[in-house]
Amino acid sequence: MPLIESSSYTGPPVYLFNGHFETIIPSIFRKIEGVAYQRERFTTSDGDFLDLDWSKVGSRKLLIVSHGLEGSSERHYVKGLVKLANLERMDALAWNNRSCSGEINVAPKLYHHGASDDLKAVIDHAIALGDYDEIFLTGISMGGAQTLKYLGESGKNLPNQVKKAAVYSTPCNLASSAATLKLRKNAFYKKRFLGKLKVKMINKASQFPDLIDLKLLETIEDFDRFDTHFTAPLHGFKDAADFYKSVSADNWMADIEIPTLIVNAQNDPLLGEACYPVDLAKSHTNIHLEMPKRGGHTGFVLRKQEFTWVEGRVMGFLKD
């Protein structure tokens with residue numbers, strides 16, 4: 001029953017005095033130096049593309065990193081894991097969701113929390129190269145949800161090369177997480193994410209003028225309406241509620257067949273109660289749930305250290 005009752009994270013520096021500061025300050029100011037990617041453009045089965053950023057040290061082991069909403073392989077939390085993996089003599093692959101690599105994708109659809117089909121394509125491609133005996137998966141926030149969904153969907157049919165997974169700050173239940181963006185205290189995050197996604201829709205409208213209603217887009221001020229009028233129809237769902245319910249990772253998590261760590265801070269401003277799968281962890285031999293009291297969303301900063309606590313925790317779990 002791998003519910004981890006006591007976390008080893010002792011908390012952030014004193015100046016990060018609540019979950020918002022723990023989330024925002026690292027997001028703005030944290031930098032990871034010394035990561036040099038080699039980019040590969042991978043063509044998807046529907047004729048679109050994914051940009052894959054490799055950082056190799058000549059290992060037979062590979063870490064695949066999935067980024068968060070409106071993130072990319074350039075985000076500090078991705079580069080931190082990539083650099084740490086390389087230091088542990090492990091190759092790393094940071095893949096970019098459609099439209100997230102600095103160039104808009106060519107298909108009508110973009111990406112979302114349930115886009116495990118693209119993650120599967122990346123994993124299958126890495127396996128087909130024949131260079132890796134062991135593959136480990138990690139995901140941050142949305143990337144964690146994609147990872148958990150992929151693992152549960154694969155179940156007993158998971159490729160033998162995929163050995164372990166570890167995710168953090170992960171919205172295991174998408175509706176619960178989406179509801180946090182309605183809270184007044186989370187207006188900063190809503191404005192930031194929604195603003196970036198609106199730009200994506202404007203770019204998509206330039207490719208497909210009949211697909212995107214730009215006048216309607218101008219009136220959107222919350223995620224329910226955005227997901228109902230844009231995310232859902234672009235990806236084959238009825239509305240926001242149908243989208244959240246249909247792609248939520250916890251629909252599949254019970255079928256995960258390999259050791260998987262989930263680290264979600266109790267003071268994460270972007271995770272609702274249903275994002276902490278306590279009952280499942282208590283009854284599931286493969287799901288390890290750790291819930292530090294502090295950490296914020298993708299924070300977990302340690303004083304005067306290059307890597308965050310959770311990056312070390314992830315790598316420790318995967319190597320063990």
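How many of the seven residues of β3 are buried, and why is β3 largely enclosed by the rest of the structure? Seven of the seven are buried, so the rest of the structure largely encloses this strand. (Buried here means under 20% relative accessible area with a 1.4 Å probe, protein chains only; over 50% is exposed and in between is partly exposed.) Strands are DSSP E runs of at least two residues and helices are H or I runs of at least four, numbered from the N terminus.

A quick word on the ground rules. This is a predicted model, where local features need pLDDT of at least 70 and side-chain atom pairs count only at pLDDT 80 or more, while totals for chains, interfaces and linings use all residues. Residues are numbered from 1 along each chain as its sequence is written, and side-chain values use heavy atoms, leaving out hydrogens and water.

Back to β3. F49, D51, D53 and S55 point one way, L50, L52 and W54 point the other way, and all are buried. Now look at its partners; strands pair if DSSP finds at least two bridges between them. β2 (residues 38-43) runs antiparallel to β3 and is joined to it by six bridges, with T43 standing opposite F49. Five residues sit between the strands of this hairpin, and G47 takes a positive phi near 85°. β3 also pairs with β5, again antiparallel, over four bridges; there, L52 has W95 as its bridge partner.

Next, the core. A nonpolar core is a set of buried Ala, Val, Leu, Ile, Met, Phe, Trp, Tyr and Cys residues joined through side-chain atoms within 4.5 Å. The largest one has 34 residues, and I64, I135 and L137 have the most contacts inside it. Elements supplying at least two residues each include β3 (49-55), β4 (61-66), β6 and β7 (162-168). The largest share, five residues, comes from α3. Another core, of 30 residues, lies apart from it, with L84, A85, A92 and L261 among its members.

For I135, contact (heavy atoms within 4.5 Å) extends to L62, I64, A126, I127, Q161, V162, K163 and K164, leaving aside neighbours within four places in sequence.

T138 counts as buried because its relative accessibility is 0%. A polar atom of the T138 side chain lies 2.7 Å from the backbone oxygen of A166. Not counting residues up to four places away in sequence, T138 touches several others, including I64, L81, A166 and V314.

Technical notes: Polar contact = N/O pair within 3.5 Å; in protein donor to acceptor, adjacent residues only side chain to side chain.
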